[in-house]
Amino acid sequence: MTRKSQPQIQPPLSRRGGVVWLGWKLVIAFSVALCLLALLRIQLQYNSVTTLSSPLSVARSQTPLHKYSGDRPKLAFLFLARRDLPLDFMWERFFKGVDHANFSIYIHSLPGFVFNEDTTRSQLFYNRQLNNSIKVVWGESSMIAAERLLLASALEDHSNQRFVLLSDRCAPLYDFGYIYRYLISSPRSFVDSFLHTKETRYSVKMSPVIPEDKWRKGSQWIALIRSHAEVIVNDGIVFPVFKEFCKRCPPLGTNEAWLFLKQKRRNCIPDEHYVQTLLTMQGLESEMERRTVTYTVWNVSGTKYEAKSWHPVTFTLENSGPEEIKEIKKIDHVYYESESRTEWCKADSKPVPCFLFARKFTNEAAMRIVSEGLIGSSTNTTL
């Protein structure tokens, strides 16, 4: 009997369909995984912006924090002026003979104000004004906005490694060489920063962006290392909170003032809190000498029936002589009552006088300083 040839065996249709379906499932699974990965990435980016209860949530500098490799670091002098610089003749003497490779000058003045031969007696200040300046109102966020503009302009020159903020009525207490070595030698910023629980400038509306335990107060006049200046310029989270909640109270008796008080709004004085609070939230207090290098005497006026108002004492022709300047130079520590803390003044871990500058000086006081050689060569030339 002849055997019939066996037909070629074909895989059943159900098995082929299973293979195709398995392939589709793999494609679908891979697509879902990609979608989930994309959603996770978006969520992480969102959380980095919206999760603000931690001090580390404040945006770090977007500018790379390069280590300066040059041998000629500059000291940037940042002048916050109302209009012109009334003490320009004194600063002309201060900078006389100094190598321009060691310093730079930036001025924030009225929008449109130009420093030229008609508005200043010193060529050092010609065209040193910011072209993007803004109108500044005391007690409002425009003050710290102007400071940020100064820092941003100075950061464009990478040779600028230290940044000192000065008013138009500040006077140097030493010669350029001593001040330069003092600030350049220190790896820390000089930022007056302390707890002040007696005042009610903090508002709970600032939380969770600004936690109350990170709220700090201090002098507006700061001297910064470059990395801290970059943190301030690139801050996009803390500054808007100050801009929204720190307002100056309108004149009492007006409808605007009544509404201001009814809403329990407050003037938190941004220039006395912003830099201190921001750097504290960033965990940078260990990188600061928590004091200012600019001396100011505060005097309180008013009776118990009037609102007390703090005013800085003005140095005049009578109280700006050698003895008064010498007394300021002898100060070697600052006591912070609210923290029971004594800050012994140091630069590069070495004991130094606390103050390099002082304010506020009249024109006559500045003339006396110049004529009596009080900003000439310092006898203490080493740190």
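The model is predicted, so local features are reported only at pLDDT of at least 70 and side-chain atom pairs only at pLDDT 80 or more, whereas totals for chains, interfaces and linings use all residues. Residues are numbered from 1 along each chain as its sequence is written, and side-chain values use heavy atoms, with hydrogens and water left out.

**Whole chain**

Display the protein as a cartoon: ten helices and 15 strands are assigned. These are DSSP runs numbered from the N terminus, helices being H or I with at least four residues and strands E with at least two. Of the 383 residues, 45% are buried (under 20% relative accessible area; exposed is over 50%, partly exposed in between, with a 1.4 Å probe and protein chains only). Among contacts between residues at least 6 apart in sequence, 78% join residues at least 24 apart; a contact means heavy atoms within 4.5 Å.

**H273**

Select H273, in the loop between helix 7 (255-262) and helix 8 (274-281). Its relative accessibility is 2%, so H273 counts as buried. Beyond residues up to four places away in sequence, H273 touches R201, W215, R216, K217, F242 and C268. Zoom in on C268: its backbone oxygen lies 3.4 Å from a polar atom of the H273 side chain. In a polar contact, a pair of N or O atoms lies within 3.5 Å; within protein, one must be able to donate a hydrogen and the other to accept it, and residues adjacent in sequence count only if both atoms are side-chain atoms.

**S219**

S219 lies in the loop between strand 5 (189-190) and strand 6 (223-225). S219 is buried because its relative accessible area is 16%. The side chain of S219 reaches the backbone nitrogen of W221 at 3.2 Å. Leaving aside neighbours within four places in sequence, S219 contacts D192, Q276 and T292.

**Helix 8**

Q276 is one of the buried residues of helix 8, and eight of the eight residues in this helix are buried. Their cover includes helix 3, helix 5 (226-234), helix 6 (238-245) and strand 7 (288-289). Just after helix 8, select G283, which takes a positive phi of about 75 degrees.

**Cavities**

Switch to a surface view. Two cavities of 30 Å³ or more are counted. A cavity is a set of points, on a 1 Å grid over the protein atoms alone, where a 1.4 Å probe fits but cannot get out; lining residues have an atom within 4 Å of a point. Grid points are joined across faces, edges and corners, and a volume is the space filled by probe spheres set on the points.

The largest cavity has a volume of about 50 Å³. Select its lining: L78, E147, L151, F163, L165, I222 and L224. Helix 3 itself is mostly covered, with 13 of its 14 residues buried.

The second largest cavity holds about 40 Å³ of space. Its lining comprises L75, R162, F163, V164, L183, R188, F190, A223, L224 and I225. Strand 3 and strand 6 are the elements that give two or more residues to this lining.

Note on methods:
1 Å grid on protein atoms, 1.4 Å probe; cavity = no way out; pocket = protein on both sides within 12 Å on 5 of 7 lines; lining within 4 Å.
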